[in-house]
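This report describes selected elements of secondary structure and their surroundings. The model is shown below.

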Amino acid sequence: MAALEHGASGWFAALETFGVNLLWHPSVSEATAGEATAIFDDIVSGRRPLHALMLEGSVLRGPNGTGRFNMLAGTGRSLLDWIKSLAPLADYVIAVGSCAAFGGVPAAGTNPTDASGLQYLDTELGGALGAEFRSRRGLPVVNVAGCAPHPGWIMETLAALALGDLAASDLDMYARPKFYADHLAHHGCARNEFYEFKASAEALSERGCLMEHLGCKATQAVGDCNQRAWNGGGSCTHGGFACIACTSPGFESGRNYLETAKLAGIPVGLPLDMPKAWFVALAALSKSATPRRVRANATADHIVAPPARDGGRRKP
Amino acid sequence: MRRITVGPFNRVEGDLEVKLDIDNGAVASAQVTAPLYRGFEQILEGRPALDALTLAPRICGICSVSQSMAAAAALRAVEGLAPAENGTLAANTAHAAENVADHLTHFYIFFMPDFARDFYRERSWYVPIAERFTAMRGACVAEVLPARARLLEIMGILAGKWPHSLAFQPGGTTRAIDLGERMRLLAIIADFRTFLERVVFDDTLDAVLALDSAEALDRWRDGRSGDFIRFLALADDLALDSIGRGSAPLMSYGAYHGDAAPLFAAGVLDVTTMMRETLHIGTIAEDVSHAWMQSGPGAPALSETRPDPEKPDGYSWSKAPRLAGRPVEVGALARQAIDGHPLIIDLLRRSGANVKTRVVARLIETARLADAMESWVKAFRLREPFCHRPTRRAEGAGVGLVEAARGSLGHWIELSGDRIRRYQIIAPTTWNFSPRDAGGVPGPLEQALVGTPVGAEGAASVAVQHVVRSFDPCMVCTAH
């Protein structure tokens, strides 16, 4: 349903622009019940081509491998069973969201329904379709991971596939499209100046960096979240709360999302590719160089020290 | 008598199957199945208390803020914490934005496309209605989807993003709003008002909000051409007030709480006598005699959710919630009726709960909320906090009761050592689409479907489609 927000003229117009014809969508298609199953039957019997199969939600394999926890209504068959029938017939198979990609929240804890992603469970290759699965055009399942994914990630992936413009080399190590997954959620964060000086927020709604105390994983999580607008101009960190790495497999197994796990006072999760000793040294240095303005604003919920010509100068 | 199965029942949120026994061309009895169970309550058990704020909203992509609000309210009840006043206003604004976005989605994307079906080709109104409302291709979508996206820009400012935001906390909301942002919020709400006035109502919201009786509505609609008016004409021609009739009491937990009374009052209303009753939360219990669930205590503060897929009498993953032993109908109709809106009360007196009154109540509520959002944003005190720093108690039990677009949503939580010992959720559609209980009493939709004419169409009956969709079910929330 996030996709409905896409585009200046609406999602349906965007689909038309790229020549995408929705054969059936559970939320928006007119066809219901028998009209819908007739479409599925046509695909299975080869009367109708299936260019893309898009799945939202985890594949529920339980109980005992039957898929009974998610039956496709009106068909007497599990969604697991339908996916296994339809996926090999599709030019491309796309997992929309971290549930369909990696299992997501239903796979958390005891995983009561034996939930899985289409081709991954957490970081493990396999999932419902198996590690060797390739769709008819030779691609693994394309994982538009995110909870929920940005409408643009969904639409741009679909558009690129429709134009034949997305190859295996355009996918990252977890088969996420690189156009958004080669960025870190941290890139473009409006709290950047606070990050540079390690001027940290100590409580929710404060303006400082969320990494040191409030659980932010944006320096470790993939996504161009702070480079494109969510709902006209937001993002998680813009909204005042931590990035919880929802594009990453296994994000659902985190604990205390809005608290930073620390060892000896140092956050356990440091920027992905930065040597720990350097990070600690630079953090100490930048903390000692923090302008008064930045330090004051970091623990306030609105700006208390505006920029001024000498406002940032520290007294010796 | 013959039995037919309708599914996949789409243009609802989530998975739905309906079984109908047909006798003499009409539904004699119905069985409603939620065919998806993901186990959110089981997943929440044992987690740190505040993880509920991350996990519970992810039950649903369109009721996400409602789930956040209920989780935050339940945690707040445990902690005995009052949120910052600004936080309450900001959360109410975001919650209202989600709820009216859902009302619009329901009307334009889920409900109206059924009138563009080929089945109605011979009707005099068919051509213009099909041009406007055909699924995905009708002219309305080019107006509605951009208006909906613009409205949801409220989330970008107040909540970071939608769906699934952690902005909604026991202490308030996480983003303090500045003056420029207040102006942007007011501009978005003004655009939404313009959309409603130009496209939906073809008149000012003030005029719509002044409608106080069925007669006033009939006088007002004469000569107008908004989509609400188009619906009213269809409702007349197809007698939509004669199908989907519900006799269950209406219930509302009260919506948009603050320091004072909620914007829409809480209570129970018997639609046969039109008598108001006080809502007693302690009389809520869930029956699992026809759910694929293990038996246990019925009270949500004491029960656990454990699936039993082989249960002989089971036919749904949904439990059957009952208020003092009775099924109740929830949603915009219940909220507006219990709040005493004169137009909705008059329509209920005349024709009861039915397809028409459910849709009218949703659109009237949308108009009321456009007004309320504006007043909440204007009431922010920009120099004061939006979020209090909570002192955690981390022990005890609490209930969070809110109104989602589709009706009453409750989270019952019990904490022990700052971990979740028990978490129970009763969602709006758990009430509306509940299966039968131990006494064999059907749920509200199961009752409302009885008598629906299906003619020769059987499973393809368009009347069945109207009745089911008039409730605006959210099936992913139902069994969660």
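## Helix 5 of chain A

Helix 5 of chain A (residues 151-162) has twelve residues; at 1.5 Å a residue they should span 16 Å, and the end C-alpha atoms lie 17 Å apart, which agrees. The expected span is 1.5 Å times one less than the number of residues. Helices (H or I, at least four residues) and strands (E, at least two) are DSSP runs, numbered from the N terminus. After helix 5 of chain A comes G164(A), with a positive phi near 65°.

## Basis of the model

The model is predicted: local features need pLDDT of at least 70 and side-chain atom pairs pLDDT 80 or more, whereas totals for chains, interfaces and linings use all residues. Residues are numbered from 1 along each chain as its sequence is written, and chains are lettered from A and ligands numbered from 1 in the order in which they are written.

## Burial and packing

Nine of the twelve residues of helix 5 of chain A are buried (20 or more other C-beta atoms within 10 Å of the residue's own, with C-beta atoms placed from the backbone; exposed means 12 or fewer, partly exposed in between). Among them are W153(A), I154(A) and L158(A). The buried residues pack against elements of chain A including helix 1 (11-17), strand 1 (50-56) and strand 5 (90-96); contact requires C-beta atoms, placed from the backbone, within 7 Å.

## The sheet of chain B

Chain B holds an open sheet of three strands, order 1-2-3, with antiparallel pairing (two strands pair if DSSP finds at least two bridges between them). Strand 1 (2-6) and strand 3 (26-33) of chain B are the edge strands, each pairing on one side only. Five bridges join strand 1 to strand 2 (residues 17-23) of chain B, and V6(B) has V18(B) as its bridge partner.

How values were computed:
Two residues are in contact if their C-beta atoms, placed from the backbone, lie within 7 Å.
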